[in-house]
Amino acid sequence: MSESTAAIRDDILQSITDIFGIGIDNYQQIDQGYLNLKWKIETDIGSLFAKQYNKNRYPEHLVQGLEISLSHQNDLYNQGIPVPQLFQHQGQYVLRTPSQERYVLMRSCQGEILQPGTTNAHQMYSLGKITGHMHKLLNSHHAKQPLHWNIRSKEEMQKHWERRWSDAVSMGCE
């Protein structure tokens, strides 16, 4: 791990303790994604997840859109959708350390990654039911602010999928 990664981690962990009074017992870096740093944190209030937003990958002008997306997540949580519970400070979900590292803190959710083709009918039904409920809530009056990205039309998504499928077939990745 680089010195800068360790410094960012320590800055965020100290910020969590300073802002929320949470005692950190242990942490584990999650090495997935691109540029944003992530940790699963064991604390005196349970397992948490922290994600740092890299300043190059997610420049400052995108933070307000991120706040909107996180407010949607919080609304979904409050409506009973099984999404992680977010922490906020001074009305903001994107938290900042004294050195201005930006991060989000949420409760960690237990689960497992299922391999393609291994789900059963009950699991798929449950996923479809929750997804439908989530979309109904996001398309209702509960969604106070619009999303900060454009959702492609069904036709655009279909064309995109067909191009990706063609690429996969041509590379022998069926």
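Gln29 stands opposite Trp39 in strand S2, where strands are DSSP runs of E with at least two residues and helices are runs of H or I with at least four, numbered from the N terminus. Strand S1 (residues 24–29) and strand S2 (residues 38–43) run antiparallel and are joined by five bridges; two strands pair if DSSP finds at least two bridges between them. The model is predicted: local features need pLDDT of at least 70, side-chain atom pairs count only at pLDDT 80 or more, and totals for chains, interfaces and linings use all residues. Residues are numbered from 1 along each chain as its sequence is written, and side-chain values use heavy atoms, with hydrogens and water left out.

**Sheet**
- Five strands form an open sheet with antiparallel pairing, in the order S1-S2-S3-S5-S4.
- The edge strands are S1 and S4 (95–96), each of which pairs on one side only.
- Six bridges link S2 to strand S3 (residues 46–52) in the antiparallel sense, and two residues separate these strands in a hairpin.
- Within this pairing, Thr43 has Gly46 of S3 as its bridge partner, while Lys40 stands opposite Phe49 in S3.

**Largest pocket**
- The largest pocket holds about 520 Å³ of space; the volume is that filled by probe spheres set on grid points joined across faces, edges and corners.
- A pocket is an open set of points on a 1 Å grid over the protein atoms alone, where a 1.4 Å probe fits, with protein on both sides within 12 Å along at least five of seven lines; lining residues have an atom within 4 Å of a point.
- Of its 18 lining residues, Pro82, Cys109, Gln110, Gly111 and Leu127 lie nearest the centre of the pocket.
- Strand S5 (102–107) and helix H3 (121–138) each contribute at least two lining residues, and the largest share, six residues, comes from H3.
- The lining comprises 10 nonpolar, six polar and two charged residues; Ala, Val, Leu, Ile, Met, Phe, Trp, Tyr, Cys and Pro count as nonpolar, Asp, Glu, Lys and Arg as charged, and the others, Gly among them, as polar.

**Surface patch**
- Trp161, Trp165 and Val169 make up a nonpolar surface patch with about 320 Å² of accessible area together, and Trp161 belongs to helix H4 (residues 154–170).
- Patch residues have over 30% relative accessible area and no salt bridge, and nonpolar side chains (Val, Leu, Ile, Met, Phe, Trp, Tyr) are joined within 5 Å.
- Accessible areas come from the Shrake-Rupley method with a 1.4 Å probe, and a salt bridge is a side-chain nitrogen of Lys or Arg within 4 Å of a carboxyl oxygen of Asp or Glu.

Conventions
Patch = residues over 30% accessible without salt bridge, like charges linked within 9 Å, V, L, I, M, F, W, Y side chains within 5 Å.
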